[in-house]
Amino acid sequence: MVDSNAVYREQLLELGTLLQAARQQQGQTLETLAEKTLIRPSLLAAIEQGDLDALPEPVYIRGLIRRYGDALQLDGETLASQFFTPPRIQRRSWKETPAAQLRPLHLYGAYFMLMVAAISGLSYLLRQTAPEVTVLPPLDPLNSSETRSSESSSPGGAPAVPAPQPEEPQAPIQVRMTLTAQSWLRITSDGTTKFEGILQPGDTRMWTADQALTIRAGNAGAVMVSYNDSQTEALGQPGMVREITYSPGEAVSLAW
């Protein structure tokens, strides 16, 4: 905060020094000027000494300075206008504000952080809204699941014991498929999506269900299926999109 009294006292002292110098140069006394201005000598002396406490309110001091200056053949109005001027408040230029102090490097850093936050938010949103796709690992072809008999003997001469056959899952609906070419597939078992993805030529799968098993293929001619160990046949024509639903005892197909 600016001390207004200190500012007024400084203004008054500068003007009083000027008036005193002009009076002394002209060889006039305070008493002589008091008769001309009708201002008491004590007030004239207070003006010259910058004694603000010995004078009336600042608005009256301006009138005293004007009359004193005119009596000395100075421009009293101009002198008076230089007193009781409200102190100017120093306003900061916009260039001094924190925003103006940002350098291009700061702006680039802020832009980079904003982009990272936007990309992270978008990635999180996509993960929340994208359907869950279960990709099962490729299984070995049918012929690889068969156990080959070994004619060789163990080091002790005893015949090798064949490895136990893996038991296939038992369910009312069993569909085995083998891919002859690449195809996109979606398998739904009892209302639950078990697989959605692309299988390659030679891939073999076994799917089971209790009530209904639905297969949707993007290249039906490349999907060879066998329902409950029946004869293997193609799901449809090559390049054809087809969906078929198997239920216990019968298969209901829907062509697309």
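Predicted model: local features only at pLDDT ≥ 70, side-chain atom pairs only at ≥ 80, totals over all residues.
Figure 1. The crossing in which helix 1 passes helix 4 is left-handed. Two packed helices are described by the angle between their axes and the distance between the axes.

**Figure 2. Residues at the contact of helix 1 with helix 4.** From helix 1, the residues Tyr-8, Leu-12, Leu-15, Leu-19 and Arg-23 take part, and they meet Pro-58, Ile-61, Ile-65, Tyr-68 and Gly-69 of helix 4.

**Figure 3. The salt bridge between Asp-53 and Arg-9.** A search of the whole structure finds 4 salt bridges, and one of them joins Asp-53 to Arg-9, with 3.6 Å between the closest N and O atoms. Asp-53 sits in the loop between helix 3 (41-49) and helix 4, while Arg-9 belongs to helix 1, so the pair ties together parts that are 44 residues apart in sequence. Asp-53 is exposed, its relative accessible area being 66%, whereas Arg-9, at 34% relative accessibility, counts as partly exposed.

**Figure 4. The salt bridge between Glu-48 and Arg-23.** Here the closest N and O atoms of Glu-48 and Arg-23 are 2.7 Å apart. Glu-48 is part of helix 3 and Arg-23 is part of helix 1, so this pair ties together parts that lie 25 residues apart in sequence. Glu-48 has a relative accessibility of 5% and counts as buried, and Arg-23 is buried with a relative accessible area of 10%, because buried means under 20% relative accessible area.

**Figure 5. The salt bridge between Glu-243 and Arg-216.** In this view the partners come from strands, with Glu-243 in strand 8 (residues 242-247) and Arg-216 in strand 5 (residues 213-217), so that the pair ties together parts 27 residues apart in sequence. The closest N and O atoms of Glu-243 and Arg-216 are 3.4 Å apart. Are these two residues buried or exposed? Glu-243 is buried, and Arg-216 is buried as well.

Note on methods: Residues numbered from 1 in each chain as written. Heavy atoms only, no water. Left-handed = near helix turned anticlockwise from the far one by under 90°. Helix = DSSP H or I, 4+ residues; strand = E, 2+ residues; numbered from the N terminus. Contact = heavy atoms within 4.5 Å. Salt bridge = Lys/Arg side-chain N within 4 Å of Asp/Glu carboxyl O. Buried < 20%, exposed > 50% of the residue type's maximum accessible area, 1.4 Å probe, protein only.
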